[in-house]
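Please read it alongside the sequence and the model.

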Amino acid sequence: MQPTIAIPQHWGYPRFALGQRTQQGTILGLYYYPLGTELAEQFDAGWRYVLMPNKNSDEISYLQENQIQPLSLQELFTQITAEIDFYQQQISILNRQLTVLARGANNG
């Protein structure tokens, strides 16, 4: 079963998705200030996003839709390729460790 999120029809659909990479970071969460509420009157109605600018930090930021810039296809490709390269290096290191362990087990 595919996880789903129900959004009331009168809210409008968010522009960005959970987990989406943007120039400001990765979207971790989102919330909505509906029209006619005190928060909407104070801070403007609409979607707010929780972003993690750096996955190696506990820093997060809270931005409105108009403050977020999507990545270009080239930027997204570059980020994902770099992440794949990193994890392939980690897998290679772990495979070497397994080889050493297996040799030690056979010799012992």
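A salt bridge is counted where a side-chain nitrogen of Lys or Arg lies within 4 Å of a carboxyl oxygen of Asp or Glu. By this rule the chain has two salt bridges. The model is predicted, so local features need pLDDT of at least 70 and side-chain atom pairs count only at pLDDT 80 or more, while totals for chains, interfaces and linings use all residues. Residues are numbered from 1 along each chain as its sequence is written, and side-chain values use heavy atoms, with hydrogens and water left out.

**Salt bridges**

- The side chains of Arg-21 and Glu-83 form a salt bridge with an N to O distance of 2.7 Å.
- Arg-21 is in strand β1 (residues 21–22) and Glu-83 is in helix α2, so this pair ties together parts that are 62 residues apart in sequence. Helices (H or I, at least four residues) and strands (E, at least two) are DSSP runs, numbered from the N terminus.
- Glu-83 also meets Lys-55 through their side chains, in a salt bridge of 3.9 Å, N to O.
- This second pair links distant parts of the chain, 28 residues apart: Glu-83 in helix α2 and Lys-55 in the loop between β3 and β4.
- Through shared partners, the salt bridges join Arg-21, Lys-55 and Glu-83 into one network.
- Arg-21 is partly exposed at a relative accessible area of 26%, and Glu-83 is partly exposed at 25%. The cut-offs are under 20% relative accessible area for buried and over 50% for exposed, with partly exposed in between (1.4 Å probe, protein chains only).

**Overall fold**

- The chain contains two helices and four strands, and from the N terminus on its elements run β-β-α-β-β-α.
- The radius of gyration is 21 Å, well over the 13 Å that the globule rule gives for 108 residues, so the chain is more spread out than a compact globule. This radius is taken over C-alpha atoms, and the globule rule is 2.2 Å times the number of residues to the power 0.38.
- Along the principal axes, the C-alpha atoms fill a box of roughly 75 × 30 × 25 Å.
- Of the 108 residues, 18% count as buried.
- The chain exposes about 8500 Å², of which carbon and sulfur atoms supply 55%. Accessible areas come from the Shrake-Rupley method with a 1.4 Å probe, and for residues only the protein chains shown count as cover.
- Among contacts (heavy atoms within 4.5 Å) between residues at least 6 apart in sequence, 40% join residues at least 24 apart.

**Nonpolar core**

- The largest nonpolar core has eight residues: Phe-16, Ile-27, Tyr-32, Trp-47, Tyr-49, Leu-51, Leu-63 and Ile-68.
- Strands β2 (25–33) and β3 (46–52) each supply at least two residues of this core, and β3 gives the most, with three.
- A nonpolar core is a set of buried Ala, Val, Leu, Ile, Met, Phe, Trp, Tyr and Cys residues joined through side-chain atoms within 4.5 Å.
- Apart from neighbours within four places in sequence, Tyr-49 contacts residues including Phe-16, Ile-27, Leu-63 and Ile-68.

**Leu-30**

- Leu-30 lies in strand β2 and is partly exposed at 27% relative accessibility.
- Residues up to four places away in sequence aside, Leu-30 touches Pro-14, Leu-18, Trp-47, Arg-48 and Tyr-49.

**Surface patch**

- Leu-28, Ile-60 and Tyr-62 form a nonpolar surface patch with about 300 Å² of accessible area together. Patches are made of residues with over 30% relative accessible area and no salt bridge, with like charges joined within 9 Å and nonpolar side chains (Val, Leu, Ile, Met, Phe, Trp, Tyr) within 5 Å.
- Tyr-62 is in strand β4 (residues 61–64).

- Asp-44 is not a glycine, yet has a positive phi of about 85°. Most residues other than glycine have a negative phi.
- Asp-44 sits in the loop between α1 (38–43) and β3 and is partly exposed at 49% relative accessibility.
- Gly-104 lies in helix α2 (residues 73–107) and is partly exposed at 41% relative accessibility.
- The C-alpha atoms of Gly-104 and Gly-29 are separated by 47 Å, and the two residues are 75 residues apart along the chain.
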